[in-house]
Amino acid sequence: MRESAVHYDTVSKQARKRKIVKRSTIYLILFLFTIVNAYPIFWMIMNSFKTGQEFSFDPFGLPNEWVFTNYVEAWVTANIGSYFFNSLFVGIVALLICILVGAFASYFLSRFQFRGRNLLYGFFVVGLLVPIHATLVPMFILMQKLGFLNTHLALIFPYVAFNLPITIFLLTSFMSSFPKEIEESAIMDGCGPFRIFWSIILPMSRPALATAVILNFINNWNEFSFALVLINDKALSTLPLGLANFAGEYTTNYTAQMAGLTLVLIPTILFYLIMEKQIVNGMTQGAVKG
Amino acid sequence: MHLLKKPWIIAVGVIPALVIYLIFSIVPIFISFYYSLMSWNGFSEMQFIGLANFKEVFQDSVFWVSVRNNILVVLASVFGQIPIALALALLLNRKMKGAKFFRTIGFMPVVISTVVISITWRMIYNSEYGMINNFLEAIGLGFLQQNWLGDPTWAMVAVCITIIWQFVGLYFIIFLSALQTVPSEILEAADLDGASEWQKTIHVVLPSIWNIILISVVLCISGSLKTFDLIFVMTSGGPANSTEVMATYMYGKTFEGLRYGYGSAISVLIFVFSIALILITTKLLRRREV
């Protein structure tokens, strides 16, 4: 009796010990992952507050004295303010057009029966597979012919076109889940299809619209290759393009580059932390369903 | 779903989206087919030269380097991002403190603009002031220091590590949410049978999220085929073309070499290559599913 109790005790002690070791290992690995993910960003932000000299002999410590000259330099010489405006403008206009025409098309694709409907839907969704880079050269030629080169229109239209497939995909699958009784009473009351769209279907689609809006915005906000090819004027540059040019010109002024990057990064991270749930849902849903 | 008496209304609803989508996403592909048969520098008269552009592309060894690097990026993404993300998701898939924190930081790089990531990592890899070389020196491994992005043997490795870093978080979160759908009754039944955690993972958990893993592989392939911004900003394809991918090769030939016909031919090949790879993988994976 006594012997077995002792035995039991050592077994549970061992099991507990093993459990603690296992837990600690898991935590250790996850912390390592977190550090690998976050430290590069932290390193950059921290060094953006140092003088170039301090950065070169102490790149790891906190700044001795927090200096803001890098920020002044980045803001004034890199013109980050105007890039911000351009990115916001292009991003929001493209998003509005895309959501509007996309939701409208999705409404007809999901709520009406007509010949060629599935074919048309498939045609839109296949756009998810079109590799953007295969269209850079022809897009440049096309925009030149249309006279859009070096205008914001040159970005707005491709941004709409390349976000339409995922937008239509998300909205159509959401709208087709509504029961058809929804419109029936409205039709009885004499509402036309446009009225039904505006006052019934669109408000009901709010969750899917939110996902689509976020996806559109993030895609437009981060887009670089079309801007690189289609915009050649500093005054019209979007943030990613402006930043790349700034970093290209100030190749040896690392701390000023870091200040510029931080200025762009902070709003992105704040936006992410505030809207984390929607952003994560939007991006993983869009990805998995797409 | 209902039939409309006036079918033209459907046309009104679908046409705006269709027109934008056609002109700015589908038409460019055909434009590139057309221009790929021409010799054109953007200013002078265009000249029909048949398949000469393609012939020249195939004879250029730099093109084959870029194809090889594209494949390398795909392999690094599939075999880097997916297993790391899966392992981390399995580790975090339990009740633990700070789970939310690990998720938030884990996903963060995914929302950051590729240009910001590229410039940051360019500084991290910098041979004199970069984080990695400084770190190696600080821990007494200074002899391992390299000119990461300046040395053709290391540049592609360095680029691939950044690509893996950028997107591990996406698949991490996708797998985490997939793991939450594994039915808890089956896991409890396995517990009663005395299955170890490892056995449960192999025999219950992985089979039930297998579909999501396959979808993620396809996503990962199509995503990594889109690599352009990152390499363009980090190395512009150098040193000595060692990090060239098809899209950077195309950009250089078209916009720096002013050869629009030749660039269009590369665009066509990017298109064909991407679509073929995506079709092959979906077909292969689907067959295994059955």
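1. A crossing is left-handed if the near helix is turned anticlockwise from the far one by less than a right angle, and right-handed if clockwise. Helices α4(B) and α7(B) cross in the left-handed sense. Helices here are DSSP runs (H or I, at least four residues), strands likewise (E, at least two), and both are numbered from the N terminus.

2. Some ground rules. This is a predicted model, in which local features need pLDDT of at least 70, side-chain atom pairs count only at pLDDT 80 or more, and totals for chains, interfaces and linings use all residues. Residues are numbered from 1 along each chain as its sequence is written, while chains are lettered from A and ligands numbered from 1 in the order in which they are written.

3. Chain A has 14 helices and zero strands. Its elements, read from the N terminus, run α-α-α-α-α-α-α-α-α-α-α-α-α-α. The radius of gyration of chain A is 27 Å, well over the 19 Å that the globule rule gives for 290 residues, so chain A is more spread out than a compact globule. That radius is taken over C-alpha atoms, and the globule rule is 2.2 Å times the number of residues to the power 0.38. Along the principal axes, the C-alpha atoms of chain A fill a box of roughly 80 × 70 × 35 Å.

4. Chain A divides into domain 1 (2-47) and domain 2 (71-289). These bounds come from an automatic or database domain assignment. The C-alpha centres of the two domains of chain A lie 42 Å apart. Four residues of domain 1 of chain A are in contact with five residues of domain 2 of chain A. Contact requires C-beta atoms, placed from the backbone, to lie within 7 Å. On the side of domain 1 of chain A that touches domain 2 of chain A, three residues are nonpolar, one is polar and none is charged. For these classes, Ala, Val, Leu, Ile, Met, Phe, Trp, Tyr, Cys and Pro count as nonpolar, Asp, Glu, Lys and Arg as charged, and the others, Gly among them, as polar.

5. Chain B has 13 helices and two strands. Its radius of gyration is 24 Å, well over the 19 Å that the globule rule gives for 290 residues, so chain B is also more spread out than a compact globule. The C-alpha trace of chain B spans about 80 × 75 × 30 Å along its principal axes.

6. Now the pair of helices from point 1. Helix α4 (residues 99-111) of chain B packs on helix α7 (residues 152-179) of chain B at an angle of about 130 degrees, with axes 6 Å apart. That makes α4(B) oblique to α7(B). Axes are lines fitted to C-alpha atoms, for helices over the stretch in contact, and angles run from 0 to 180 degrees between N-to-C directions. Angles under 35 degrees count as roughly parallel, over 145 as roughly antiparallel, 65 to 115 as roughly perpendicular and the rest as oblique. Residues of α4(B) including F107(B) and M108(B) meet residues of α7(B), among them W165(B) and F172(B). By class, this contact has ten nonpolar, three polar and one charged residues.

7. Between the chains, 70 residues of chain B are in contact with 72 residues of chain A. Helix α1 (residues 8-35) of chain B gives the most to the chain B side, with 15 residues. That side holds 51 nonpolar, 17 polar and two charged residues.

8. One inter-chain pair deserves a look. α7(A) and α1(B) pack at about 120 degrees, with their axes 8 Å apart. They are therefore oblique to each other. Their crossing is left-handed. From α7(A), residues including F157(A) and I168(A) meet residues of α1(B), among them Y21(B) and F24(B). This contact has eleven nonpolar residues, one polar and no charged.

9. Two backbone details remain to check. The peptide bond from G238(B) to P239(B) is cis, with omega near -10 degrees. P239(B) sits in the loop between α11 (229-234) and α12 (246-256) of chain B. N150(A), a residue other than glycine, has a positive phi near 60 degrees. N150(A) lies in the loop between α6 (136-146) and α7 (153-175) of chain A.

Terms used: Contact = placed C-beta atoms within 7 Å.
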